[in-house]
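The stops below can be selected one after another.

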Amino acid sequence: MYVALLRGINVGGSNLIRMPALKDCFEAQGLRDVATYIQSGNVLFTADRSSQPGLTAQIEKALSKTFAYESRVVVRSFEQMRTIVDRAPKGFGDRPSVYRYDVVFLRHPLAADEALKSVTAKPGVDRVFAGHEVLYFSRLISKAAQSQLSRVVGKPAYQSMTIRNWNTTCKLLQLMEGKAKPPSRDGAFKR
């Protein structure tokens with residue numbers, strides 16, 4: 001089981017892709033058990049191919065051709081998602097009324113130590129931690145406008161990142177574990 005995290009779709013009126021069409025695109029690539037979760041481009045699927053770079057290239061090519069945009073995708077296996085959630089910094093996600101929590105997924109070959117040069121923290125507002133192929137980022141809700149996270153968008157490294165909030169990251173893992181409600185007829189998981 002894998003999850004493909006698409007970057008830059010259905011945001012600010014750009015790269016609008018309907019979830020049934022996205023599901024169809026994945027199925028046309030021979031990927032199975034395809035289901036989408038929310039509109040931000042999270043696609044769960046199974047595949048015979050075990051090479052993540054190969055899967056990533058195949059998916060990006062299909063998306064770019066089908067939807068006429070330059071696709072960038074981060075693919076993670078069930079085991080990788082389990083590690084990302086299990087190895088989050090102590091207390092990460094525990095105070096949602098005080099902090100916003102995000103996971104910055106890094107696209108190969110961008111490594112966490114290199115990404116830290118672009119994803120910086122403002123003292124007293126942000127905290128950023130390196131993980132395996134991810135960064136964990138939290139920011140005070142009361143000072144969110146001062147956060148450095150929004151500034152990463154203008155940096156070249158941003159092209160090799162996609163960001164999901166902590167709740168979405170945990171939900172994707174839960175869906176991968178098969179603990180959520182089954183998909184609806186159109187293949188979209190419901191909250």
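The tour starts with confidence and then goes through the sheet, the cores and single residues.

**Ground rules**

Residues are numbered from 1 along each chain as its sequence is written. This is a predicted model in which local features need pLDDT of at least 70 and side-chain atom pairs count only at pLDDT 80 or more, while totals for chains, interfaces and linings use all residues, and side-chain values use heavy atoms, with hydrogens and water left out.

**Colour by confidence**

pLDDT is the predictor's confidence in each residue, from 0 to 100. Its mean over the chain is 88, and 90% of the residues reach 70 or more. Helices (H or I, at least four residues) and strands (E, at least two) are DSSP runs, numbered from the N terminus. Confidence is highest in strand β7 (residues 134-140), at a mean of 97, and lowest in strand β9 (residues 188-189), at 49. Now select residues 179-187, where the pLDDT is below 50; beyond near neighbours in sequence, this stretch has 16 contacts in the model. Contact means heavy atoms within 4.5 Å.

**Select the four-stranded sheet**

In what order do the four strands of the open sheet lie? The order is β6-β7-β5-β8, with antiparallel pairing. Two strands pair if DSSP finds at least two bridges between them. β6 (126-130) and β8 (161-165) are the edge strands; each has a single partner strand, so one side of each has no neighbour in the sheet. Direction ignored, neighbouring strands are turned by 20° against each other on average. Zoom in on β6 and β7, which pair in the antiparallel sense over five bridges. Arg127 has Ser138 in β7 as its bridge partner.

Axes here are lines fitted to C-alpha atoms, for helices over the stretch in contact, and angles run from 0 to 180 degrees between N-to-C directions.

**Show the cores**

A nonpolar core is a set of buried Ala, Val, Leu, Ile, Met, Phe, Trp, Tyr and Cys residues joined through side-chain atoms within 4.5 Å. Buried means under 20% relative accessible area, exposed over 50%, and partly exposed in between (1.4 Å probe, protein chains only). The largest core has 22 residues, and Met81, Val103, Phe105, Tyr136 and Trp166 have the most contacts inside it. At least two residues each come from β1 (2-6), α3 (78-86), β5 (99-106), β7 and α5 (166-177). The most come from α5, with five residues. Leaving aside residues up to four places away in sequence, Val103 touches partners including Ile84, Phe92, Tyr136 and Trp166. A separate core of 21 residues includes Leu31, Val43, Ala62 and Val73.

**Pick single residues**

Ser77 is in strand β4 (residues 73-77) and counts as buried because its relative accessibility is 8%.

Select the cysteines Cys25 and Cys170. Cys25 is buried at 5% relative accessible area, and Cys170 is partly exposed at 27%. The whole structure has zero disulfides (pairs of cysteine sulfur atoms within 2.5 Å).

The last stops concern the backbone. Most residues other than glycine have a negative phi, and most peptide bonds are trans. His108 and Pro109 are joined by a cis peptide bond with omega of about 15°; Pro109 is in the loop between β5 and α4 (112-115). Asp33, not a glycine, has a positive phi of about 50° and is exposed, at 55%. Ala68 has a positive phi near 55° and lies in the loop between α2 (52-67) and β4.
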